[in-house]
Structure formats: structure tokens, C-alpha cells
Amino acid sequence: MLFLNQKLGFTFVFLLFLTGSLIGKSIPVGMTDPSILQVKVTVQYPHFIQPWRFKNPEIRQSTGIYIGENRILIPAQAVYFYTSIEIKKPEALKVYTAELERLDPDLGLAILKFNDPNASKDLKAVIFPNEVFLPGTGLVMESKDQRNLEEKKIRMIRLDMDAYSSGYVELPFIEIQSEEKLDGVGELIVDATARIPQGILYQFKENNSGRVIPAFSIKHFIEGKSFSFKGFRFKPLIDSATRNYYGLRKDDLGVLVAEIYPGSSADGVLQLEDVLLEVSNFKIDPKGYFDHPKFGKLNVSYLFHNTNDIDSSFGKKIKLKVFRNKKPVSLELDLKPLPDSAIRIPYGNSRFQTPKYLMLAGIIFQELSEQFLTEHGNQWRNRVSKELLYLNDFYRIKRNQNEGRVVFLSQVLPLSGNKAYHTAHQMILKSVNGTQVQSLEQLQTLVKESTSTYIHFVMSDGFEMIFKKEEIQTLNLEAKQSFQIQKDSNF
Amino acid sequence: MPAINEKKAVTPNMMDSNKLMQKQKKILLSPSLFASTILFFTSLFLSPLYPEEYRQSIDEIKKSVVQIRVFSQAKDPFSPWISSGISASTGSGFLISKNRILTNAHVVSNAKFMEAQRNNQTEWYELKVLHIAHDCDLALLEVSDPEFYTDSNYLELGNLPELASPVDIVGYPIGGSKISVSRGIVSRIEQSTYAHSQIDSHLVVQVDAAINPGNSGGPALQNGKVVGVAFQASTKGENIGYIIPTAVIQHFLKDIEDGIYHGYVELGIQTQPSYSESHRQYYGIPNTEEGVFVTKVLKKGSADGHLKPGDYLTAIDGRKIGKNGNLLESNSIDFLEVVDNKFAGDEIRFDLIRDKKKINVKFPAKKMPQMENQRARYGINYDYLVFGGLVFQTVNRDLLEAWSKNGQTQGGSLLVYRFYDATTLSDGETEDVVLYRKLPHPINSNSDFYLNMVVDSVNGTKVKNLNHLKDILQSSKEKTIRIQFYGIQLPMILDREESERADIEIKKNYHLTGN
């Protein structure tokens, strides 16, 4: 038995040596590598409907991967609104604390840093390579409770592009399948043969399929680089009537530019109804795919958003060929990250943004976010104001730079001084003293700096609220005392 | 203090018992009063008026109440070329004149064949609808065979019943063939939404008696007179029923006097209460004046062009309006009830304060066209358009309900928003047209992106309604049809000839008839 084990060990080391030499820096992760950590994060989410409050603390368990220099990689979902982070090494009883160092909501990953500089003693850093082996089999490395590391098998199927749960940018993910039950909370995935890190599992569904963040995206994030966004959305162009209308003679090329984000990479370069024919000399098919030499058919977003060193567009100009007004045009596009200013109604979870509020005369004003709407329970689409729902579905991104945030009256805190308006809720604020309102900050300034006796609010449906300027402070004071609210605003 | 008020209403004579005794003693000591008291009580015992009258009236009532059997078939708004199955149901009704039967509109909606039977009759007699009013859930019917009316009686209309007074609900509930009488107490009188049309709001009388299926259309009686028509039950509380009061019945009967039912008029404004002192001062409203502020004037409503946002309405037809919008004289009736009782062409007069000046405004009452699509509708053929297998229809309540039952709600918030806010979004002249489904064919395989979107324009022409869309598509000579939808920047492109060719095939394959 002993002899057999020794022989296998030798073969294993030899194989590692061989694969290691083939792919450069990649270092295999051994079965007992103490680099897979258990992370317990206590979080306290803000209350989007009553934004002066926080919810009860909750505990989120996830896997952390030690990446060297006292740093741990963890899914971003686990650390949003954290109050305390505890990290435990496998087979150890001691608990270490850590703080958040960096987070990327588009990739859904965060880096933590141990508070104790000696905490990383005995830990071996996991190095994420620039290469993924597809298709192939992989192993999921997870550390649960007080037990040793466990390994489960997965099949890595293909590479595809999609926006992650809180992301705007479509990024590559590896689609996996497994017969075993997995959590999808940041487990390390290594290649089954060479044990080279392949990525981090961030989602696993009941239909036995899941998604892995590929190693090259993780490497890009660890190196401190940002993620660029192409700045436009497109629509497939597969029916002959539309193709003929845009003057396309060939059947096999082009997608239609359907939306351009103001201030983004595409702003000023592409135009609505441009037909995108080629990107970086790759021909784009009518469904928006191109042929990647290694990964096969891939969504065109890969050519803008990929972070694989070999074909990374990072820091490069992207060559485009479009059909505009029935004529071919060659363009160049500089990649920039998605500008925050283009977002009108924040999408997905809050991306670490505490909901803002401004109280005026005991009336709460907020800026519309998807999180505010989804806080109304499973049936939120039936429960919330139909106008707010419509805006959230159709106007998340600004259509021009002049469009502001959607400021709305979320609720009235009932006081005798505002009793005329107690029934008002979820109404969009149109103007204050005749000026259109585009943000909470602007609303605050307008009221503060107004020289008129009255402050006159008009809602989008014509409902009006009028207060004397001095009443606003008095009523706020009363509301704060009566409803135990600390501040008039939280920004 | 509503709880105390309610208690007083039920037990109005509760007093201190000692004081009551002393008061009675004083009365008895006075000789003339004593004699009259004796006379009063004697007369009471000699002539037990109410019980006898009531007992007599039960037989007469039986002669006037009718059981109605209806076989109906509706159109499916989601597949407007298909008729639904045939269903049978029963209801009640009553004679209000020698040969006229009053019932609920919902009893006879979508009817293909109707018959009626009176108590102790063995024969069923064929019925026909003379007038139907879906906005107030009433219908007037007639049996052509005079035999049906032999030994019949008709009921007279009474007044609005008092709170806490008893009413008898008569009808044929739960399919029974024998007449049923159940007694309830009037527990509330208010303006409320009529479930049949789902949008119209009129006066209702709430009673604590069960109103079951089959009861609908039957009379609610007090002292032998009709005080309402039983029509709907509460879904929240048990044993809570609602009756349509006689004011609404009389409005219906008066409306049809010229042989046509015209329907209710709409004031077409939105208002808000005026409790806020600052709000009142801003608009220069004197402290002595009560009323409500106009916040929105809807297009094509009666008030369009006559009232303005910011107007402060103090009186309607000389009747003062309170800060909460109720009439000051009663403080329980919304001032809109005054408009509800009017007919098209009747004058509406407002006293109001505009730009700090007291003025009077008068204008004729009229119907508001955009209300039609807001209502649940019955007995109609839904108009639709199929173009390249894409199905278009006017946005209306029936379609929206059918659409949501079919689970076709993906991306539909635009449609829902435009429907629910239609009265404020609409100009009263145009109607929203929606691409709500497709009949799959290779030609439309790429159109899912546009499903449930409302049409804005076609080849640059703003679409006014479904007929306008049909006209544009039929008269267009252009090869390409470019349809722009609300909220979407990219147009949908269709090839006119290809679409028309595909339609022939689609209509055959999907068994579309008509249109």
C-alpha cells in the first residue's frame, strides 16, 4: 500500500511539473492546501422602504480563498453591509477578523485583509492563471464546519457572457454541471487533472447547473484593474424585412445598435440603428456571436469586456466596422468603465449603496432604485406604483445626459401639520417652486436656498403640497421626535 | 368617535333609568296627557298595522318576484375570434310595472337565451332585454307572452332606507326553485365601486344579510316597497351584502325614458382635500371658506375647458362642499354624488375661488369617452387586427385581465401603466393599441421583443386608434412598415407584402374567421 501511494505521488508530482511548465506560472492546489477558508460575515442591510432604519443583522457563510499578502478573495454578495467578518482556517479553532479592502460589483468579488498580520502564517496563496481548460472536468474545493477540505466533481461545459447578479457589464462565466449539491458561495474550482485553479463558483441552481467566474477575470481583478463597458446594447438582426430595410445584402452579418449609454465608450462613436458588422476584425453574426478560436461561438460583448490576457481589449482601441445609413463606416472605440452618471435607476442589489432619503415637513423623499421596489415582497410587481414599475423596466439608463434620477415621495409620516397629505405615497415629484427636480441633493438645495415664503411641491399626477418654509423645519423636528428618526437626511 | 356613534344608532333610547321613571311619573300625573297615553296604547293594540300589512305583502311580493335562467356565451378577449363555451346560470328579478322586469345587468350579460318563471308557475317564458346598463349593473327585461303576467303584481320604489333599519332580500338564491326571503339590517350607506364594471362608483347600501348567487337582481324590501336591488356580496366579511339603492334605479329608469340608455356622465377632475392652512393661504382662500382643490382636469370630461388645476371648489349647484370633499349638509356624501345624479346636458354649477377671486362656473354634464375601455364590457365582439401574424387590439380592461390570466405579463409594465393611468394620460380622442400576442409563423419569429408594447406611430404617422392603424396599414403603398412603440427606441420593421401574404396562411392555419 505504502509503495503504491509513493508511486502515485511521484506520478502526480511529475504531471504537475509537466503541466506547470506548459502554462507558466500556474501552481496546482493540493488536496490539503490550507488556502480554502471559512468566512462568516455578519451583515446588516439597510431598509429601503424606511431608509432611516437598518434591518436585523444576518449571518452569511461563504468560502474565502487566500491569495497572498494577507488577502482573501470572497464573493461580493457576502460582504455587502458587513458589520463583522470572521475567518477560520480548516482544522483550526482560532477565529481571525478581517476588513474589506476592495470590491467589484460587476464581477461580484471582494478582497478582504486580515487584521492580524500573522493570520496568514501557514497559508499558501492560490494563484489564478490566465488559462481555463474547456471543456473539462473540475473539482470543487470547499471547507465546511470543523471538517477537512471536501472535493466534489463538476463538468465545465463552456464559456459564455452575461451580466452578473448586480452587474451592468456582461462578463465571461463558465457554465458547469454537477450531480452533487453545491452551495455556490465562492468555492474554489480546480482542474481535475492538473489541479490548476479555474475559477470561483458563484451560483448553483436546483437544476444542477451553475456558474463559475473564470480564473482570468479573477486575476484581472486581483491585479487591481477595472472592468470596461462597451456602452451600448444591441438587438439581433435575423429577419429579412429588417435586414433589407437597413440595406444589408448578406444574410450572415450584423446586429443592430439598440441603445447607447450617455457618457459611455460608445457615446459619440456609435449611433442608434447602426449595424455592427465587425469588431476587432471578427465578423459578428446576426445573433451577436463571433467564432473564438478556442471557446467557439461567443457573444460579441467578449470582444469588449474580456479580461483574458491573450485577447484582452484592456487599454486598447477597438476597431469597429458598421453599416450606417446603408454605407460601411470604420470606427474606433476607446473602452471606459460604465459611468455612474448614466445610471438613472440603480439595478439589482444596492451595490453597497445605502438608500438616500430627505425628509421635508415629515415627508420622506427618495430616489428610485430597483431595491426599493423589490423590498415589497415576492409580489412586488403587483404591489408597487405602476408608474414606478414602468420607469424601472424601461428607463434604468438615461437616454440623454439631461435626464435626472427619479425623485419620489415614498411616504408621509403622519403629523397634524401635514395631515392634508397623509394619503400620499409612491408619487413622483415633478417640481418644487416651479423647478424640475432631478436628484435629492438638488431638492435639498432648492428648499434650503429658497427665498419665497412658501415651498410648493407638485407631483407628476398634479397632487400639490404647500408648506411655509419655516414649517418644514418644525415638522421635521416633530417627526424625528415622534418616529425616532435621527436625521433629516442621510447624505 | 365612530364606535360610540354606532352604538347610539342601534340603541337610541338608552337613558338613565331613574330619570326615565321620574319622567313617566310626571306624564301620568297630568290628566290630559294620561288620557291621551291610554288612547294611544289602546289604538296600538286594536290596530297592529305593520305585521298585518307585512303579512299581506309577502303574498303580493311573491307575485312580483321572478326567477331568471340565462344561457350565455362570451367572447374571449385574448383570442377575439373565438367564442367561449356556453354556460347556464340563474338570477332573480322583479316586476316594476305591469310588464317590465328589473334585474342586474350581470344576471343577463352575454346572454344568448333567457327565460323567466314566477312563483307557482310551471312554464318557463322566454325573456328579452329591453335596456342594459353595465355602468350601474341594472337591466330592464320583458316577457312577450302575456300569460306570464297573469295574476301578477308589481312593486313600487321606496326611498333610501335608514341606517339600522331592517330590509328583506327576496329572490332565488343558490339555484333553488322556491322563493327565499332573508332579513338584514342596513349597516352602511356609501359610494362604492360596482364590481360588474369594476370602475364605476355609485351609492350602495350595505346590509348584514347574505347575498348569494341567484339572489342577484332580486328586490330588497322595506314595508312592502323596494328600497334596492340585491347585487353583490363582500369578499372580505361574511354575511355582508350590497343593494343598489332606488336613487340609482330611478336614474336608470329616467335615462331610458327616450328609449335609449345613455349612461353616466363624468365630471373628469381629480381633487385633494384642503386641511392644510399653508396650502389655503398660498391660494388666498379665506378661513371661512371650505372646499377642495382641483389637481387635475381630465381631457374630454365635463370640466375640461371650464375648471383648472388650483381652482378651489366651494359649492356645487349651491350645495356647500367641505374640506374633505363631502357635502357640508350631510358630511357623508361625496360632492361627486351630485354629478352622478345628472344626465348628459344637465348643467353643473360650481362656486369656486380662482386666482383669489370668487367666481361661478357652469357647464353641461357629459360622458367621458376614455371611460369605455376602463370598464369591464359584456356582449360585445372585440375588434382586432392581425398583420403578419401579429395581433393588435385596443387596450381595455377585458384584454388586460385575459392577458394576465394567460400569464403573458412579460415586459407588460408599460401596458399596465398606460391602462391604469389612461384617464390622465389619454387626450380623450386617441386610444392605445397594443401588440399583445402573435400567431407564430416564420415571418414573425423575431417579434417577441415588441410583445405587450403600445403602438406610437407607423411610418411616422401617430396612431390614433385601432381603426386608424388598420387604415394606415391598408392604404400604405410603402414596401416597409416601420412601427414605433412607446418606450422603445428601435422601430419594428415589417415587409408589407410578405406580411400580407403570411396573413392568408396564418388565418387559415389558426382558423381565424371574420376581420
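Me: Which ipTM and pTM does the predictor give the complex?
Reply: The structure is a predicted model, and the predictor supplies scores for the complex as a whole. The ipTM is 0.86 and the pTM is 0.86.

Me: What average pLDDT does chain B have?
Reply: The pLDDT is the predictor's confidence in each residue, from 0 to 100. In chain B, 88% of the residues score at least 70. Over residues 1-53 of chain B, however, the pLDDT is below 50, and this stretch has nine contacts in the model beyond near neighbours in sequence. The average for chain B is a pLDDT of 86.

Me: How many residues of chain B are in contact with chain A?
Reply: Contact requires heavy atoms within 4.5 Å. On the side of chain A, 39 residues take part. On the side of chain B, the residues that touch chain A divide into 16 nonpolar, 14 polar and five charged. The number for chain B is 35 residues.

Me: What area do chain B and chain A bury between them?
Reply: Of the area buried between the two chains, 57% is on carbon and sulfur atoms. Asn446(B), Gln489(B) and Leu490(B) supply 20% of the area that chain B buries against chain A, more than any other three residues. The area buried between chain B and chain A is about 3,200 Å².

Me: Which residues meet in a salt bridge between chain B and chain A?
Reply: Side chains of opposite charge can pair when their charged atoms come close. Between chain B and chain A the count is one salt bridge, and the count of residue pairs in polar contact is twelve. In the salt bridge the N to O distance is 3.1 Å, and the side chains that meet are those of Arg482(B) and Glu273(A).

Me: Which element gives the most to the side of chain B that touches chain A?
Reply: There are twelve residue pairs in polar contact between chain B and chain A. Several elements of chain B each supply at least two residues of the side that touches chain A, among them strand E13 (269-272), helix H7 (277-282) and helix H10 (413-420). The element that gives the most, with five residues, is H10(B).

Me: Is Arg354(B) buried or exposed?
Reply: Arg354(B) is found in strand E17 (residues 347-354) of chain B. Leaving aside neighbours within four places in sequence, Arg354(B) is in contact with His306(B), Leu307(B), Lys308(B), Asp311(B), Ile359(B) and Val361(B). Its relative accessibility is 17%, and buried means under 20%, so Arg354(B) counts as buried.

Me: How far apart in sequence are the parts that the pair Glu179(A) and Arg155(A) ties together?
Reply: Glu179(A) and Arg155(A) form a salt bridge, with the closest N and O atoms 3.5 Å apart. Glu179(A) lies in the loop between strand E9 (170-177) and strand E10 (187-191) of chain A, whereas Arg155(A) lies in strand E8 (residues 149-163), so the parts tied together are 24 residues apart.

Me: How many salt bridges does the structure hold over all chains?
Reply: One of them joins Glu223(A) and Lys219(A), whose closest N and O atoms are 3.2 Å apart. Another pairs the side chains of Glu372(B) and Lys367(B) at 3.7 Å, N to O. Moreover, Lys356(A), Glu367(A), Arg405(A) and Glu441(A) are linked in a network of salt bridges. Over all chains, the structure holds 49 salt bridges.

Me: What is the phi of Gln198(B)?
Reply: Gln198(B) is placed in the loop between strand E8 (180-193) and strand E9 (201-207) of chain B. Gln198(B) is partly exposed, with a relative accessible area of 34%. Its phi is positive in a residue other than glycine, with a value near 70 degrees.

Me: Is the peptide bond from Leu134(A) to Pro135(A) cis or trans?
Reply: Pro135(A) is found in the loop between strand E6 (109-114) and strand E7 (136-143) of chain A. With omega near -15 degrees, the peptide bond from Leu134(A) to Pro135(A) is cis.

Technical notes:
Residues are numbered from 1 along each chain as its sequence is written. Chains are lettered from A and ligands numbered from 1 in the order in which they are written. This is a predicted model: local features need pLDDT of at least 70, side-chain atom pairs count only at pLDDT 80 or more; totals for chains, interfaces and linings use all residues. Side-chain values use heavy atoms; hydrogens and water are left out. Helices (H or I, at least four residues) and strands (E, at least two) are DSSP runs, numbered from the N terminus. Buried means under 20% relative accessible area, exposed over 50%, partly exposed in between (1.4 Å probe, protein chains only). Buried area is the accessible area (1.4 Å probe) that two parts lose on being put together, summed over both. A salt bridge is a side-chain nitrogen of Lys or Arg within 4 Å of a carboxyl oxygen of Asp or Glu. A polar contact is a pair of N or O atoms within 3.5 Å; within protein, one must be able to donate a hydrogen and the other to accept it, and residues adjacent in sequence count only if both atoms are side-chain atoms. Ala, Val, Leu, Ile, Met, Phe, Trp, Tyr, Cys and Pro count as nonpolar, Asp, Glu, Lys and Arg as charged, and the others, Gly among them, as polar.
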